[in-house]
Amino acid sequence: MIEHRAFFGDGEKTFAFPTRELIEELEHKTGQPIGALFRRFQNHDFSFSDLTEVIRLGLIGGGASPADADRLVSVYSIGRPLTESFLVALGIITALFLGTQEDDAE
């Protein structure tokens, strides 16, 4: 499973999209096909909900409960500088598309 680890909120978190259903949920929540969503991040043409849904669903895929993921996003994305959430979300979606150095080592 491709995982992305990053500091978010109160500590280091694991983010992942291990199932087709979770990727489809991301597409549903953002209203964008996964490829278009990745391009939007690359072009800095994203919405706030794009950021929060990538992080929230990535946390769930990484093992957080839906309630904990929602709480973390509510506390640490809303009202914070957008760059903080953008960098986390960009890392998550980039790992989904390109993998990570840890994946390459295996």
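**Exercise 1.** How many of the 14 residues of H3 are buried?

*Solution.* The structure is a predicted model. The criterion for burial is a relative accessible area under 20%. Of the 14 residues of H3, 11 are buried, and the helix is thus mostly covered. The buried positions include the run from Asp-50, Leu-51 and Thr-52 onward, as well as Gly-61. Among the elements that cover these buried residues are strands S1 (3-8) and S2 (11-16), together with helices H1 (20-30), H2 (34-42), H4 (66-76) and H5 (82-98).

**Exercise 2.** Determine what span helix H3 should have, and compare the end C-alpha atoms with that value.

*Solution.* Helix H3 comprises residues 48-61, which is 14 residues. The expected span is 1.5 Å times one less than the number of residues. The helix should therefore span 20 Å, and its end C-alpha atoms are 20 Å apart, in agreement. Just after H3, Gly-63 adopts a positive phi of about 115°.

**Exercise 3.** Classify Ala-67 as buried or exposed, and state how far its C-alpha atom lies from that of Arg-56.

*Solution.* Ala-67 belongs to helix H4. Its relative accessibility is 56%, so Ala-67 counts as exposed, the cut-off being over 50%. Arg-56, in contrast, is one of the buried residues of H3. The C-alpha atoms of Ala-67 and Arg-56 are separated by 9.7 Å, and the two residues are 11 apart along the chain.

**Exercise 4.** Assign the geometry of the ring pair Phe-8 and Tyr-76, and state which parts of the chain the pair ties together.

*Solution.* In the pair of Phe-8 and Tyr-76, the ring centres are 6.3 Å apart and the planes stand at 75°, so the pair is edge-to-face. Because Phe-8 lies in strand S1 and Tyr-76 in helix H4, the pair ties together parts that are 68 residues apart in sequence. Phe-8 counts as buried at 3% relative accessibility, whereas Tyr-76, at 27%, is partly exposed. Ring pairs also link Phe-8, Phe-15 and Tyr-76 into a cluster.

**Exercise 5.** Which geometry does the aromatic pair of Phe-41 and Phe-86 have?

*Solution.* The centres of the two rings, Phe-41 and Phe-86, are 6.1 Å apart, with 10° between the planes, and the pair is stacked. Phe-41 lies in helix H2 and Phe-86 in helix H5, so that the pair links distant parts of the chain, 45 residues apart. Phe-41 is buried, with a relative accessible area of 1%, and Phe-86 also counts as buried, at 7% relative accessibility.

Conventions: Residues are numbered from 1 along each chain as its sequence is written. This is a predicted model: local features need pLDDT of at least 70, side-chain atom pairs count only at pLDDT 80 or more; totals for chains, interfaces and linings use all residues. Side-chain values use heavy atoms; hydrogens and water are left out. Helices (H or I, at least four residues) and strands (E, at least two) are DSSP runs, numbered from the N terminus. Buried means under 20% relative accessible area, exposed over 50%, partly exposed in between (1.4 Å probe, protein chains only). Contact means heavy atoms within 4.5 Å. Rings of Phe, Tyr and Trp (its six-membered ring) pair if their centres lie within 6.5 Å; planes under 30 degrees apart count as stacked, over 60 as edge-to-face and the rest as tilted.
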